[in-house]
Amino acid sequence: MNVTSASCKNVVQTTYTWTSWMGNLISLVSLYDNHDARRQIETDIRNHVQRLLDQGLTRSVIVEIRHSPGTGGSTIARRVMWDLHRTYPCAILELMTSRYYFDEDNMLSTKFADRISALEELCHTSPLILIDGKHSGLIEALSNKLVRMLCNKGKRALLLRCKHGSKSTKKATQESSHVHHVFDVNVKLEDSLSDLNEFQSKYKEYIAQSLSGNQGQKLCRVFHFPLLAMMEEFQPKLKGIIEDTLDEMGGIQQEIAMVVAFLQKYANHVTPALLLYEAFKGYIRVSSDTPITYKDIKHLFTEHLLNLMVPTDPPRPKEEKHECFVPLFEELFLHNKYGQKIKFSILFEELKRMDSEHAARIFCEAAVKTNDAAVYANAARFLAKKEPPSFSKAKYLIQCAFKANNSKVRMRSLYHTKGPVLFHEMKREIHSGLVKDLKKLEDLASVVLKAYHEARNFPPTYPHPLIGEVEVWLACIEWIMKNPCNRDSNRTLKFLTNQSPSFFRTCVSDSFNLLDVVDEICQSVPNLTDAEETQRLSNSARLPLISNFKRGLSVTGRQRNADDLLEACKALCSTPNFPRSSQVELKKLQAHFILSGDDPIDSLNREILEYLLRLLEDLVLAENDYRLAYHLMKVCVLVTGKRCYSLEQGLTVCEKWCDAYPHDCLPYFYQMTIYFLQILDGNSLEFTPKYTKVLRMCQEKSQNHFRSTQSTLFVGKGGQGMSRLITRNTLLRGETDYVTDDSDKVTKFWRVDSRKKLLECKGRIRVSEQSSGRRKSHPHIELVQGNLKLYVGKNADIGKVERDFNSGTLVYFVVSFNLHGPVANGITFIPQEPSNG
C-alpha cells in the first residue's frame, strides 16, 4: 500500500511490492508533469469526494468509478488522488495478483484494515484510499470487507475503488448500503465535447500524424494513449494499423503476438514476457554463455510487437517454474471475468458455448497439470453444471482437490464446492424421476447435508453452507408435496409433522433456524464479502418455506381468513391423539411463520403479539429450544398490559440462554439492560456488581460484532417490566421530521422531541484521558443513581471541556443501549422535563 500525502507529516512512505506483471498505469511523476488529459467526469468525482471529506464522514463509505478496460478510469482515479493528497492523507492499494482471492482466514483484509485505521489515527482525519488493480471481483470483495471492518472499528475512511463494468450493472452495485455513489466513465470521447477538445489540444501533433497517410513505426504508439482508441473518427484507422502490424510479422514473431493477444484478453496479463520465455525458450538463440534476461527476450520482438505489449521490466520470480504458471492458469480458468456476474472465467464461458465437452476436457487437464486445489474444485463445478453433467468425474475431481498440495489452506471452500456438486446431482435425479421413495430421497439428502456440515465453522461466521442446507430441505419438501401429498399444502404440513420419517420431521423449522443464523451473521460479522447479496439469498430461501404451504400468506394485524395457515396449524395441534412431538413442531412453524411475515413484529397488533409470546414461551422455557430465545426477548419488549413480562422473567430467560449459548453476546446484552433499569430504580447496591460483570462479558463477546455501536433499545418514558424498553422502530414511528441527512433536525429530535417517548435521565460529565502517549481527553457521563458510566452519543456535540463546560457539570439526556454499553443521547445542560427542573 503506497501512502501519498502532504497533509500527514509524520507518515513515512511505505511500499508493499506484491505485483507480478504490471500494465501501463500512469505514474506519480506523470501526474506531477500533467501528462494526462483532463476529463469532465474527473472534476465531478473530485468535487464529490472532496465534499464528502470536507463535510466529515459519519462512517466509512465507497465511491466507485466504473469503466471499461482502457477508457482511463484508473488514470482519472489517480488524478483525483493527486489533486487531494496535499489536503487529505491518501493511499493507493493495488491488487495485481489473483492469489488473494482465497483469504479464508481474513489475514489480508485484517492487515489492510489495521493500516487504514492507523493512518486515520496518525493524521487525525479521514483518509482517502484508492483500491485498483486487474481483478474487479477481488477489488469488489476486498473493498466490501474493508468498509464493514472499518465501520466495525468505528473508523471513517473513503474508499475510491476502480471497477471494470458498465452502466447495465450499475443498479445491482448501488443496492449495497456502503456504496455512496457510482460514476461511469464514457467509452466514447464524442459523448463529452470538453473531453474531446482537451484531448485534441493536448495531443494535437500526435493525432495529426496518426490520422495522416504516413504509416511509420510511431503509428503503433496508439497503445500508449488508450484514449485515442475511444475517438470514433480514429477507430477504423486503429484497426488497420493492428492488421498491418500483424501482417508485417512472420514465423515465431507472429505466433508470439497471438499468444500475447490471447493472454491479454483471457488471462488479464498485459506483459507476460517471462511466461513467454518459458513457452518459447526452445526457439531463442543467444551468442554468449551468459544467462538469458528480459532484455534478451526483447530482441525477438519487432518495434510493433513491443508497442502491442507495452512492456515494463518486472523482477524475475524466485519460485520454481511450475509455480510461475499457476497464477496464469488461475486467471484463465477461474478469476478473469472483467467484472461480469458469470460463473466461470470469460474464456470458459466462451468455450462452454462452443463445445462444453471440449471445454471440460481442457479444464480437467489444467487441474491435473497444476495440481491446484482451486482449479480442481472449479473443474468439478464446471462438470456438474454443464449439459449434460458428468457427476462421477466431478466427484473424482473433488477428491483430487482434497489431495492437492495447497488443499489445507482452502479446506472450507473445498467442502463448500463439494456440497453444490452433490446437490446438483440430487436435483438432477429428482427432476429425472429417479427418486421413487422417501428412502432414496433421504439417502441423497443426507450425503449433501454432510458435505455442507463439514463446510461450517463455529461460532458460525460463514453463511453459504447454511443456505445450502436450506436449499436441500426445500428440494425435499418440494418432492414430498408433489408425490405423496399430491400438491396439497395442508396434507404436506400434516405429513411432515406427523407421518414422515424422523429425518424429515423437523426440516421446516430447522430451515427457519438456519436462516435466522444467516441473518445474524449478516448483521454481526464484519468481514463478509457481500452482506447484502447474502441477505438476499437468505430472504429468497425463506420465501418458498412460506409459499409452499400457503401462497400469498401475510401475517399482519388485519383480519385473517378461516383457512389461514396459522388456523390450520392450530387445528392440527388440537386433533385428538395427535403426537406431542408433532404439536411442538407445529408450534415452531407457527412462530416462524409470524416472525417471517411481511410486516415487522413491532407493527403487529396486541392479539398476535400475545399469541406469539405464548408460543415462544412454550418452545423456549418448556421445550428448552434456546435457538428461539432471541425472538422471545424481542417480543417480550413489545407486549404490554396483563401479559407484560417482568424484569425477573426477562432475567430468567437470559440466564438459561447464556448456559445454552455461552459464546453469544446477546443474552449478556439483555441482562445488562435489565440490570441498568434496576439500578435506575434505586437498587444500585444489589445490582451494580451484576451489571458490571455482564457488561464486561457483553463487550468481550461482541468485539468483532459488525453492529456493536448501533443502538437497538432505549429507556422508555412509561411501561412496566420489559416494556419499559423501546425499540428503534417504535421510537421513530410517526416522527416525520426526523431526517438523517439534516443535522439540525436530528439534533432537535434527540434534545427535545425524543422526550415524548423516552425517559429523561440525569448525570454528571466526567473526563478521562487516553492511556496512549497523545493523552487525548474523552468525556463520558456518570449516572446519578449508580455512578454508572455512559458513552456520549456521536451526535451529542457538547463541545470541549474547560471551554464549553466544566468536569462534573450536571446534564440531562435519554439513554440507548448498544453492545458496548449504555449511551447518553440528546445531552442538554438544562432539563427538558418539568419533573427534573
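Throughout these legends, a residue is called buried when its relative accessible area is under 20%, exposed when it is over 50%, and partly exposed in between (1.4 Å probe, protein chains only). The structure is a predicted model, in which local features need pLDDT of at least 70 and side-chain atom pairs count only at pLDDT 80 or more, while totals for chains, interfaces and linings use all residues. Residues are numbered from 1 along each chain as its sequence is written, and side-chain values use heavy atoms, with hydrogens and water left out.

**Figure 1. Overview of the chain.** Of the 837 residues in the chain, 51% are buried. The secondary structure comprises 34 helices and 13 strands; helices (H or I, at least four residues) and strands (E, at least two) are DSSP runs, numbered from the N terminus. Among contacts in the chain with a separation of 6 or more, 70% are between residues 24 or more positions apart; a contact means heavy atoms within 4.5 Å. The accessible surface is about 39,200 Å², and carbon and sulfur atoms contribute 50% of that area. Accessible areas come from the Shrake-Rupley method with a 1.4 Å probe, and for residues only the protein chains shown count as cover.

**Figure 2. Packing of helix α30 against helix α31.** The axes of α30 (residues 647–660) and α31 (residues 666–680) come within 9 Å and cross at roughly 155°. Axes are lines fitted to C-alpha atoms, for helices over the stretch in contact, and angles run from 0 to 180 degrees between N-to-C directions. The crossing angle therefore makes α30 roughly antiparallel to α31, on a scale where angles under 35 degrees count as roughly parallel, over 145 as roughly antiparallel, 65 to 115 as roughly perpendicular and the rest as oblique. From α30, the contact involves L647, E648, G650, L651, C654, E655, W657 and C658, and from α31 it involves L666, P667, Y668, Y670, Q671, I674, Y675, L677 and Q678. These residues divide into 12 nonpolar, three polar and two charged. In this classification Ala, Val, Leu, Ile, Met, Phe, Trp, Tyr, Cys and Pro count as nonpolar, Asp, Glu, Lys and Arg as charged, and the others, Gly among them, as polar.

**Figure 3. Surroundings of L666.** L666 belongs to helix α31 and is buried, with a relative accessibility of 11%. Apart from neighbours within four places in sequence, L666 is in contact with E520, Y630, W657 and L819. Y630 is 36 residues from L666 along the chain, and their C-alpha atoms are separated by 7.6 Å.

**Figure 4. Packing of helix α21 against helix α24.** The axes of α21 (residues 464–482) and α24 (residues 507–524) come within 9 Å, crossing at roughly 155°. This angle makes α21 roughly antiparallel to α24, and the crossing of the pair is left-handed. The contact is formed by L466, I467, E469, V470, W473 and I477 of α21 together with C507, V508, S511, L514, L515, V517, V518 and I521 of α24. By class, the contact has 12 nonpolar, one polar and one charged residues.

Figure 5. S723 is in the loop between β7 (713–715) and β8 (725–727) and is buried at a relative accessible area of 10%. Beyond neighbours within four places in sequence, S723 contacts C636, V637, V639, T640, C644 and G718. K588, in helix α27 (residues 580–595), is buried with a relative accessible area of 12%. Not counting residues up to four places away in sequence, K588 touches S509, L619, D625 and R627. H85, in the loop between α3 (73–84) and β3 (90–95), is buried at 8% relative accessibility. H85 and L128 are 43 residues apart in sequence, with a C-alpha to C-alpha distance of 8.5 Å.

**Figure 6. Backbone features in loops.** The peptide bond joining E387 and P388 is cis, with omega about -10°; P388 lies in the loop between α17 (373–385) and α18 (391–403). A cis peptide bond also runs from F458 to P459, with omega near -10°, and P459 is in the loop between α20 (438–454) and α21. N371, a residue other than glycine, has a positive phi near 50° and is partly exposed, with a relative accessible area of 26%. N787, likewise not a glycine, has a positive phi of about 55°. N787 is in the loop between β10 (777–783) and β11 (789–792) and is exposed at 54% relative accessibility.

How values were computed:
A crossing is left-handed if the near helix is turned anticlockwise from the far one by less than a right angle, and right-handed if clockwise.
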